[in-house]
Amino acid sequence: LRLPQPPHAKPCSSLPAGSQLPCFHGSSTIRNLKERFHMNMTEEQLQLLIEQMVDGSMRSITTKLYDGFQYLTNGIM
């Protein structure tokens, strides 16, 4: 079962279909936003996806390089 829609995803579902804002012209913008929130996945699928994303980030050389950059420039670790 899926939990109720998270608050951060609500703007995605309440966007007007015929918005005059230039950033929403074209059918792919709203679809891409909905895909990014993975609204079609179960809770178990989301948990597995998030674990895979975190694991991939932890093993990524670019993550290590960026963490080093943040530490050297901002003292953030």
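Tutor: Helices (H or I, at least four residues) and strands (E, at least two) are DSSP runs, numbered from the N terminus. Read in that way, the elements of the protein run α-α-α-α from the N terminus on, with 4 helices and 0 strands in the protein. This is a predicted model, in which local features need pLDDT of at least 70 and side-chain atom pairs count only at pLDDT 80 or more, while totals for chains, interfaces and linings use all residues. Residues are numbered from 1 along each chain as its sequence is written, and side-chain values use heavy atoms, with hydrogens and water left out.

The residue to look at is glutamine 70, which lies in helix H4, residues 61-74. H4 has 14 residues and reaches 20 Å from its first C-alpha to its last, close to the 20 Å expected at 1.5 Å a residue, where the expected span is 1.5 Å times one less than the number of residues. Glycine 75 follows H4 and has a positive phi, near 75°. Glutamine 70 touches this Gly75 and also Ile76, not counting residues up to four places away in sequence; contact means heavy atoms within 4.5 Å.

Glutamine 70 has a relative accessible area of 13% and is therefore buried, a term that means under 20% relative accessible area, with exposed over 50% and partly exposed in between (1.4 Å probe, protein chains only). For the protein, 13% of the 77 residues count as buried. Among its contacts with a separation of 6 or more, 44% come from residues 24 or more positions apart.
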